[in-house]
Amino acid sequence: MSFGKMNTTIDLITTQPVKDTEGFISTGDTIIASVRAYKEDRHGNESWKNRAIFTNASALFRFRAIPGIVVKTNMVIVCDTGRYNIVSVEDVKGRGMYTEVLCERMETSG
């Protein structure tokens, strides 16, 4: 993946319960890493047809592996187009150089 194609800046976020000064618990976001990534939205080409088992995935993110950080499905990706729940995480070609993440877009209410 060339560096020129990775033109979307993403934040890899984990949500954790946070207690405020009055003792109430709410969910807080903790940014794990901010990196550049290649983003591909879902469309009807051959590669998305092969990913048919992930019917709810609406976007693919591919970025360089981050040393010391394991990307998990309980994390969230945030970019300029919104928040995405991680559905699947895969090491591209098993080399440990790139991580490919299939995500579904979170719908905001309000």
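Here is a short walk through the fold, the strand pairings, the salt bridges and the cysteines of the structure above.

Hi everyone, and thanks for coming. Before the tour, some ground rules. This is a predicted model, in which local features need pLDDT of at least 70 and side-chain atom pairs count only at pLDDT 80 or more, while totals for chains, interfaces and linings use all residues. Residues are numbered from 1 along each chain as its sequence is written, and side-chain values use heavy atoms, with hydrogens and water left out.

Let's begin with the overall layout. The protein has one helix and six strands; here helices (H or I, at least four residues) and strands (E, at least two) are DSSP runs, numbered from the N terminus. Reading from the N terminus, the order of elements is β-β-α-β-β-β-β. The six strands close into a barrel with antiparallel pairing, in the order β1-β2-β3-β6-β5-β4. From one strand to the next, the twist averages 45 degrees, where axes are lines fitted to C-alpha atoms, for helices over the stretch in contact, and angles run from 0 to 180 degrees between N-to-C directions.

A few totals for the protein. Of its 110 residues, 34% are buried; buried means under 20% relative accessible area, exposed over 50%, and partly exposed in between, with a 1.4 Å probe and protein chains only. The protein exposes about 7,100 Å², and carbon and sulfur atoms supply 50% of that; these areas come from the Shrake-Rupley method with a 1.4 Å probe, and for residues only the protein chains shown count as cover. Among contacts (heavy atoms within 4.5 Å) between residues at least 6 apart in sequence, 51% join residues at least 24 apart.

Now let's go around the barrel. I call two strands paired if DSSP finds at least two bridges between them. Strand β1, residues 8–19, and strand β2, residues 25–41, pair in the antiparallel sense over 12 bridges. Along that pairing, Asp11 stands opposite Ser34, and Pro17 has Thr27 as its bridge partner. The hairpin of β1 and β2 has five residues between the strands, and Gly23 there takes a positive phi near 95 degrees.

Next, β2 and β3 pair in the antiparallel sense over four bridges, with Tyr38 facing its bridge partner Arg62 in β3.

On to β5 and its partners. Strand β4, residues 75–79, is joined to β5 by four bridges, antiparallel again, and the hairpin between them passes through two residues. Val78 stands opposite Arg83 in this pairing. β5 also pairs with β6 in the antiparallel sense, over seven bridges, and Val89 has Val101 as its bridge partner there. The hairpin of β5 and β6 has six residues between the strands, and Lys93 takes a positive phi near 60 degrees.

Side chains of opposite charge can pair when their charged atoms come close. How many salt bridges does a search of the whole structure find? The search finds three, taking a salt bridge as a side-chain nitrogen of Lys or Arg within 4 Å of a carboxyl oxygen of Asp or Glu.

Arg83 and Asp29 make one of them, at 3.0 Å from N to O. Arg83 lies in strand β5 (residues 82–91) and Asp29 in strand β2, so the pair ties together parts that are 54 residues apart in sequence. Arg83 is partly exposed at 26% relative accessible area, and Asp29 is partly exposed at 45%.

Here Arg62 comes back: its side chain meets that of Glu100 in a salt bridge at 2.6 Å, N to O. This pair links distant parts of the chain, with Arg62 in strand β3 (residues 59–64) and Glu100 in strand β6 (residues 98–105), 38 residues apart. Are these two residues buried or exposed? Both Arg62 and Glu100 are buried.

Asp41 and Lys39 also form a salt bridge, at 2.9 Å from N to O. Asp41 is partly exposed, with 40% relative accessible area, whereas Lys39 is buried, at 18%.

Last, the cysteines. The whole structure has zero disulfides, a disulfide being a pair of cysteine sulfur atoms within 2.5 Å.
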